[in-house]
Amino acid sequence: MASITFREVEGSSLKYWLLFGALGLFVLFGALAWNHMHHYGHVVTGMDNQIVWGLPHVFAVFLIVAASGALNVASIASVFNKPMYKPLAPLSAILALALLAGGLLVLVLDLGRSDRLIVAMTNFNLKSMFTWNVFLYSGFFVLVGIYLWTMLDRSVKSWTKTAGTAAFLWRLILTTGTGSLFGFLISRELYGTGLLAPMFIIMSFAYGLAIYLMVLAAAYAWTGRPLGDAVMLRLKTLLAVFVAAVLYFVAVHHGTNLYFTKAHAVEAFILRDGGAITSLFWVGQILIGCVLPLVILLTALGRQRSWLMIACALVILGGIAQMYVTIIGAQAYPLDMFPGFKASSSFFDGEVHPYSPSTPELFLGLGGVAVALLMTTFAVKVLRLLPVSLDDATVAKLEQH
Amino acid sequence: MNELKTMSEQVPQSAERRRFVGAAAAVAGLTVVPGVMLYEVANARPEDQPASSAVRWGMLVDATRCASGCSDCVSACSTENGWTPVAQSEHPRQAPQWIRKLQLEDPLTQAQINLPMLCQHCAEPPCVDVCPTGASFKRADGIVLVNRHTCIGCRYCMMACPYKARSLVHEPLNDTQKPDVPRGMGCVEACTFCVQKVDRGDGTTACAEACAAAGHNAILFGDLNDPESEISKRLRELPTKQVRADLKLNLGVRYHGI
Amino acid sequence: MTGKMKSVLALGAVVLTTAALAWAGAEAQPKAGGAPKPVITKAVKGEHCVEDTEYMRRNHMKLLLVHRDRTVLQGVRTPKHSLKGCIDCHASEATGSVAAAKEDFCVSCHSYAAVKIDCFECHSTKPQGSAAMHPLHADAASVEAMAGISR
């Protein structure tokens with residue numbers, strides 16, 4: 001087998017430290033936002049007793065979903081034995097760890113009592129999907145960590161496939177768990193369906209790959225290492241398949257609801273009458289997140305590096321919009337406790353709940369993104385994660401074996 | 001007569017006093033004080049005994065008696081449990097509401113229904129299922145509570161509750177809590193069936209007392225497991241429904257007239 | 001394992017060890033000059049505590065923890081070993097609270113010992129009702145009640 005040389009990123013240029021500093025600044029903003037929320041309470045957020053999960057959850061769940069998706073490239077290499085993907089695997093694994101860490105940090109810092117994290121780590125209710133997620137996240141860190149070790153340390157190289165397979169299976173369960181956080185909720189019309197679990201898995205494929213592609217391209221462009229089209233175009237096609245699959249799941253989810261009379265009202269809210277939520281659905285989730293990327297990826301445009309990057313960025317933005325619609329949209333629609341009656345109360349029963357995220361929430365969410373990117377930036381400097389060259393000739397040699 | 005009045009007014013309000021008048025009341029009180037007292041003493045468990053599953057506390061709400069525009073139950077709850085009434089809150093959207101008046105209208109017939117909505121104290125509570133730390137729990141006597149010592153404020157229970165019964169405390173309370181009702185910023189809370197009153201043997205809740213005092217008698221609190229309790233008798237006579245009965249959560253609160 | 005990785009791990013180990021030593025050192029060192037000693041005011045009510053003072057100083061948290069779970073989970077609200085019981089007797093006469101001012105009973109010791117408590121994030125720091133209602137003052141309370149009845 002042709003050998004590939006991995007080398008740390010030099011990381012001494014001004015550009016590197018500027019990137020490092022900029023990300024660090026956002027981490028700092030995130031920390032300040034948390035401190036503000038923690039000191040004054042959730043009263044300083046846009047969240048209330050109607051919209052109980054807000055923008056931080058949108059970011060957190062997006063990052064957690066994307067984390068498991070980012071591992072895909074590595075899984076293709078190790079589990080499905082595609083030699084071309086092998087040099088791409090270490091970055092895939094580290095990105096998965098970093099995104100999960102960023103997402104969990106946001107999730108944890110948005111708790112009403114974020115100072116009591118130790119309680120969450122020592123008291124478990126095994127019937128709770130959240131508890132299962134705590135185990136799934138921890139297991140993911142361990143398994144992907146071991147997997148990364150087998151890739152970086154020659155003495156345990158023979159275990160790569162085993163570790164990779166374990167990590168792959170685990171990540172499927174993990175995203176099932178994330179989807180089931182919502183899928184296991186009986187009270188809201190848009191949740192309470194097993195469909196959310198596979199839907200979240202396919203979403204993770206798309207978001208994770210889009211983020212991976214952008215990070216890969218950025219890392220190679222900024223370090224001046226060659227990155228050939230062979231790699232990028234292969235991954236481009238894969239991204240198109242994933243995005244199309246997301247669109248399919250969204251269509252099935254809403255199509256099913258549209259058939260059920262009891263869900264007509266909530267569907268009308270999301271698809272037609274929901275104002276900002278409706279715009280986010282059609283423009284954000286469908287147009288920006290699915291249709292435009294598909295147009296780019298499936299036409300000649302996608303062969304150009306810059307257009308491919310635009311498509312990836314659109315998938316990411318669309319993904320955040322999709323999370324927003326999934327999490328906020330479902331809460332904004334009032335609970336129907338007395339079917340057939342119009343309800344009103346001092347607790348805003350029977351009315352659509354407005355939500356406008358506050359600045360601290362936005363910065364807390366962005367802080368999570370920054371943590372993930374900062375970890376990746378640091379990791380590529382201290383660990384041998386990136387091949388010196390991914391030009392077409394190097395990759396072609398891998399393919400022959 | 002003057003003496004008796006003083007006695008009956010004081011006893012239900014004071015846990016401490018029960019300790020010394022309890023024995024006397026059990027003997028003497030039974031015969032002389034108004035009807036409320038009879039149930040109190042009958043339901044009282046010794047204070048060093050844990051709540052027992054032999055009892056299941058429940059509530060019967062007669063919506064046909066619930067007056068439009070009356071919110072005495074809500075005020076009484078707020079006073080008893082120390083949460084700020086929403087009208088006085090600086091942040092009404094974020095203010096906790098343990099109990100609220102719901103107005104329902106049938107769009108076709110314009111028929112109107114008034115009722116108080118509160119934690120339904122499910123036998124199969126979704127909030128308890130989803131709580132990651134086990135802070136949401138159901139006591140042996142069926143009361144669903146939040147253990148604030150282990151609540152991390154994740155609000156998953158609020159996502160799971162089909163009745164929107166729970167609130168997060170969004171802002172600091174600055175030592176305004178009642179000694180019997182600890183509450184705190186960042187924790188989730190809801191109706192407790194006035195567990196502090198239940199534990200001291202009052203056998204009723206603040207909302208039920210207030211509703212009776214207003215002369216509506218739309219709220220009846222009692223032991224669903226005791227076939228001889230007032231609530232069990234009334235439940236046998238009146239047709240009642242559970243809210244979102246389709247979820248089969250087996251609610252502790254039953255409504256008549258919905 | 002690569003050399004770089006090893007050095008990163010080694011660095012981590014050094015940092016952690018130093019931190020741990022600094023931590024341990026801080027505990028062992030006697031206070032130079034010293035923080036202000038806690039003001040321990042005798043309880044306003046009652047002849048003596050529910051347990052020996054020496055025992056309570058070391059173990060009150062254990063008693064509170066056990067009682068807390070019994071109260072919250074099982075509804076057992078006996079006054080002995082309850083936080084409410086502590087507050088009933090130890091609330092200061094000046095503030096009527098155990099944690100409102102720096103000299104108040106709980107705060108005074110806890111700030112000296114640098115042990116953060118979050119009891120009063122949720123619990124009221126003040127006793128319920130008037131002083132005469134206190135359970136340890138059942139006699140006084142009954143006298144008052146009798147007075148009320150005969151009035």
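How many bridges join strand β1 (residues 57-62) of chain B to β8(B)? The views below begin with that pairing.

This is a predicted model, in which local features need pLDDT of at least 70 and side-chain atom pairs count only at pLDDT 80 or more, while totals for chains, interfaces and linings use all residues. Residues are numbered from 1 along each chain as its sequence is written, chains are lettered from A in the order in which they are written, and side-chain values use heavy atoms, without hydrogens and water.

**View 1. Strands β1 and β8 of chain B.** Five bridges join the two strands, which run antiparallel; strands are DSSP runs of E, at least two residues long, and helices are runs of H or I, at least four, numbered from the N terminus. Two strands pair if DSSP finds at least two bridges between them. B:Met59 has B:Phe221 as its bridge partner in β8(B). Five of the five residues of β8(B) (219-223) are buried, that is, under 20% relative accessible area (1.4 Å probe, protein chains only).

**View 2. Helix α4 of chain B.** Among the buried residues of this helix (residues 72-81) are B:Cys73, B:Val74 and B:Asn81. The buried residues of α4(B) pack against elements of chain B including β2 (99-105) and β8, with contact meaning heavy atoms within 4.5 Å. Just after the helix, B:Gly82 takes a positive phi of about 80°.

**View 3. Strand pairing between chains A and B.** β2(A) and β2(B) pair in the antiparallel sense over four bridges. A:Ala343 stands opposite B:Leu104. In chain A, 54 residues are in contact with 57 residues of chain B.

Conventions:
Buried means under 20% relative accessible area, exposed over 50%, partly exposed in between (1.4 Å probe, protein chains only).
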